[in-house]
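Please read this report with the structure open beside it. It takes one part of the chain at a time.

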Amino acid sequence: MELKEFITFLNKLEENSVFYKLNKIRNEAIMVEVAVPGQRWEIEFLEDGTIDIEKFISDKDMYDVNELETLFKEFSD
C-alpha cells in the first residue's frame, strides 16, 4: 500500500466518525488502532505493502472493580 492509499484510509475513518489512533509496535509497520462498539481492531500496514488485521471482540460481559486483581495476578511479571 502506498502512502497516498494509507492517508485515504485514515481520511475515510474520519469521514465515517470511526475513532482511531496511530501506534508503532514493530520496526517495519505502522499500526492503526480502531475502536468501535464491542470491538477493537489492530490494523498494521507493513513496509512490504501487506496489511495485517487482528480483531478483538467483546464477550459482552461486564466486570466490577475486583477484576483488576485478576489483571495484576495473571499478567504481571
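Predicted model: local features only at pLDDT ≥ 70, side-chain atom pairs only at ≥ 80, totals over all residues.

In general, strands of a sheet pair through backbone hydrogen bonds, either parallel or antiparallel.

How many bridges join each pair of strands? Strand β1 (residues 19-23) is joined to strand β2 (residues 29-36) by five bridges. β2 and strand β3 (residues 39-46) pair over eight bridges. β3 and β4 pair over seven bridges. The pairing is antiparallel for β1 with β2, for β2 with β3 and for β3 with β4.

## Partners and turns

Leu22 has Val32 in β2 as its bridge partner. Ala35 has Arg40 in β3 as its bridge partner. Gln39 stands opposite Ile57 in β4.

One runs from β1 to β2 through five residues.

Asn11 is found in helix α1. Asn11 counts as partly exposed because its relative accessibility is 35%. Asn11 and Tyr63 are 52 residues apart along the chain. Their C-alpha atoms are separated by 35 Å.

## Salt bridges

Side chains of opposite charge can pair when their charged atoms come close. The count here comes to four salt bridges.

Start with Arg26. Its side chain meets that of Glu44 in a salt bridge, at 2.7 Å from N to O. This pair links distant parts of the chain, 18 residues apart: Arg26 is in the loop between β1 and β2, and Glu44 is in strand β3. Arg26 also forms a salt bridge with Glu28, where the closest N and O atoms are 3.9 Å apart. That is still a salt bridge because the cut-off is 4 Å.

Are these residues buried or exposed? Glu44 is buried, because its relative accessible area is 11% and the limit for buried is under 20%. Arg26 is partly exposed, with a relative accessible area of 27%. Glu28 counts as partly exposed too, at 31% relative accessibility.

Next comes Arg40, the bridge partner of Ala35. Arg40 forms a salt bridge with Glu42, and the closest N and O atoms are 2.8 Å apart. Glu42 is buried, with a relative accessible area of 18%. Arg40 counts as partly exposed, at 34% relative accessibility. Elsewhere, salt bridges that share partners join Arg26, Glu28, Glu44 and Asp52 into one network.

## Two loop residues with positive phi

Ser17 has a phi near 55°, a positive value in a residue other than glycine. Ser17 is found in the loop between α1 and β1. Ser17 is exposed because its relative accessible area is 67%, and exposed means over 50%.

Lys60 has a phi near 70°, again positive in a residue other than glycine. Its place is in the loop between β4 and α2. Lys60 is exposed, with a relative accessible area of 65%.

## A nonpolar surface patch

Which residues make the nonpolar surface patch? Val65, Leu68, Leu71, Phe72 and Phe75 make it, and its area is about 550 Å².

Take Leu71 as one of these residues. Leu71 is found in helix α2, which covers residues 67-75. Leu71 counts as partly exposed because its relative accessibility is 42%.

Notes:
Residues numbered from 1 in each chain as written. Heavy atoms only, no water. Patch = residues over 30% accessible without salt bridge, like charges linked within 9 Å, V, L, I, M, F, W, Y side chains within 5 Å. Areas by Shrake-Rupley, 256 points an atom, 1.4 Å probe, with all protein chains shown as cover. Helix = DSSP H or I, 4+ residues; strand = E, 2+ residues; numbered from the N terminus. Buried < 20%, exposed > 50% of the residue type's maximum accessible area, 1.4 Å probe, protein only. Pairing = 2+ DSSP bridges.
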